[in-house]
Amino acid sequence: MKLSARTAAPLAVLLLTSLAACAPEASDNSASAKDEKTGTLRVWLFQEVSNKPKEQVVDKTVSAFEKAHAGVKVDVEYIPVETRAQRVKAAFNDPSSAPDLMEFGNTDTAGYVKDGGLADVTKDFTDWSQSKNTDPTARQSVTVDGRIYGAPYYVGVRALYYRTDIFKELGLKPPTTLAEVASDARAIRAADPSLYGLAVGGAYTYGALPFVWANGGEIAEGKGGSYSAAIDSPAARKGVTAYTSLFSDDNCPAAKCAGMTGNDVVTAFAQGKAGMAIGGDFNHQAVEAGSVKGKYAVVPLPGVRAGSIAPAFAGGNNIGVLKSTEHRTLAVELMESLTSKTAQEEFFHAMGFLPTFADVRDDIAKQDPYVKPFVQTLGGGTKFVPASAAWSQIDSSLILPTMFQEVISGKKSVAAASTEAAQKMNDAFASAG
């Protein structure tokens, strides 16, 4: 999933931080011939750490939907993110136990499509008047081989959190390039060795990838529905080198930082242990609850050139209709209601998750200033993982974190580690077909 962007991403929280689930085994699940216009619609949504605000938004949407559809009842079940893989696998293999529509991490889309679980809603989505304002990367997250299999629910991106008090004390200005991020980080560490300059994590894939993308590299390249690894390209290796060079005694010592995850990095910053950190919009509440409240600001993570923005991973979740539903028309309408502009704006105010509609995000940024750098990051261009069923295997096998950690530990050179990672990725792409 993301992973909810809070998981980060997957990656939950990545996941916040990654959001990727284990794809269920393939089944012979096929579309139902029925399209009932009354009866009960079953919905599975993810259960959040604090779920009540989400329930209130969903209940409001569901109540309006039921009033507009006589003879229709909506039954919403909130399922634990940790057990979603087993639940989804069972639903795909036994349509009688399946919901009519469900929430899923945006990195799960390709795997779920391969396993025959999601309905193709290309025409429905493109005919929906609101879809024209959908963020391009969010739209990509529901697209496989040119067909659409759901509607984006929310999106999450990361930017650069920095300590305003420390920057003022040292006479530093917010960095405008990745090189300045590194030099500022070392200046902070030199001034106060008890602090990490820029907190980084060897197990923080979505904090590392912007360095790869900003240097012109890619995770993989696709053509005709198939993918091949590109993490071993010269440009990607330049990005890997830039990121792993930050695991040093003059910034974030490898002995302490090599095993850190995205959550660890954000926690270090929130607790006042770092001058900077790469964190998501979904981390805002956690940082606000920390000791740095009132002493930090956020800017887009800069790219290689001054004035550019390093591409961020666009995490988030989607809602899709299951192919086995016997209420297809109603399910599509409810999907659109749950992911509408109104519902997404209410969801943001309740949970802090960014809407997938560009115009709604712009309005929110005017109301909530902290959102602005994340909206700017989205506007600067974001990236997504390969739309391949192999991604869940690549992610769960920790291929990329292993690559970073092998370089950080000195066990392998960037060339050797990236070559091995690329081979493992290609094996996964080949096995996925």
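**Aromatic pairs, cores and sheets in a predicted model**

Trp-128 has 11% relative accessibility and therefore counts as buried (buried means under 20% relative accessible area, exposed over 50%, partly exposed in between, with a 1.4 Å probe and protein chains only). The model is predicted: local features need pLDDT of at least 70, side-chain atom pairs count only at pLDDT 80 or more, and totals for chains, interfaces and linings use all residues. Residues are numbered from 1 along each chain as its sequence is written, and side-chain values use heavy atoms, with hydrogens and water left out.

Phe-125 is also buried, at 1% relative accessibility. In all, the structure holds 21 aromatic pairs (rings of Phe, Tyr and Trp, the last by its six-membered ring, pair if their centres lie within 6.5 Å; planes under 30 degrees apart count as stacked, over 60 as edge-to-face and the rest as tilted). The ring centres of Phe-125 and Trp-128 are 6.0 Å apart and the planes stand at 65 degrees, so this pair is edge-to-face. Tyr-227 and Phe-429 are stacked, with 5.8 Å between centres and 25 degrees between planes. Tyr-227 belongs to strand β10 (residues 226-229) and Phe-429 to helix α19, so the pair ties together parts 202 residues apart in sequence (helices, H or I of at least four residues, and strands, E of at least two, are DSSP runs numbered from the N terminus). Tyr-227 is partly exposed, at 25% relative accessible area. Phe-429 is buried, at 6%. One aromatic cluster is formed by Tyr-153, Tyr-154, Phe-347 and Phe-353. Elsewhere, the charged end of Arg-87 sits over the ring of Trp-44, 4.5 Å from its centre (the criterion is NZ of Lys or CZ of Arg within 6 Å of the ring centre and within 35 degrees of the ring normal).

The largest nonpolar core has 117 residues (a core is a set of buried Ala, Val, Leu, Ile, Met, Phe, Trp, Tyr and Cys residues joined through side-chain atoms within 4.5 Å). Leu-101, Ile-231, Met-276, Leu-400 and Met-425 have the most contacts inside this core. Helix α19 (residues 414-432) gives the most to it, with 8 residues. A second, separate core has 17 residues, including Val-81 and Val-144.

An open sheet of 5 strands runs in the order β2-β1-β3-β14-β6, with mixed pairing (two strands pair if DSSP finds at least two bridges between them). Strands β2 (72-79) and β6 (151-156) stand at the edges with a single partner each, so one side of each lacks a neighbour in the sheet. Strands β1 (residues 39-46) and β3 (residues 101-105) pair in the parallel sense over 2 bridges. Val-43 stands opposite Leu-101 in β3. Helix α2 (residues 84-93) lies across β1, β2 and β3, at about 150 degrees to β1 (contact means heavy atoms within 4.5 Å; axes are lines fitted to C-alpha atoms, for helices over the stretch in contact, and angles run from 0 to 180 degrees between N-to-C directions).

Another open sheet has 4 strands in the order β8-β11-β7-β12, again with mixed pairing. Its twist averages 20 degrees from one strand to the next. Strand β7 (residues 158-163) and β12 pair in the antiparallel sense over 4 bridges. Tyr-161 stands opposite Val-298 in β12. Helix α7 (residues 178-191) lies across β7, β8 and β11, at about 140 degrees to β8. Helix α11 (residues 262-270) lies across β7, β8, β11 and β12, at about 135 degrees to β11.
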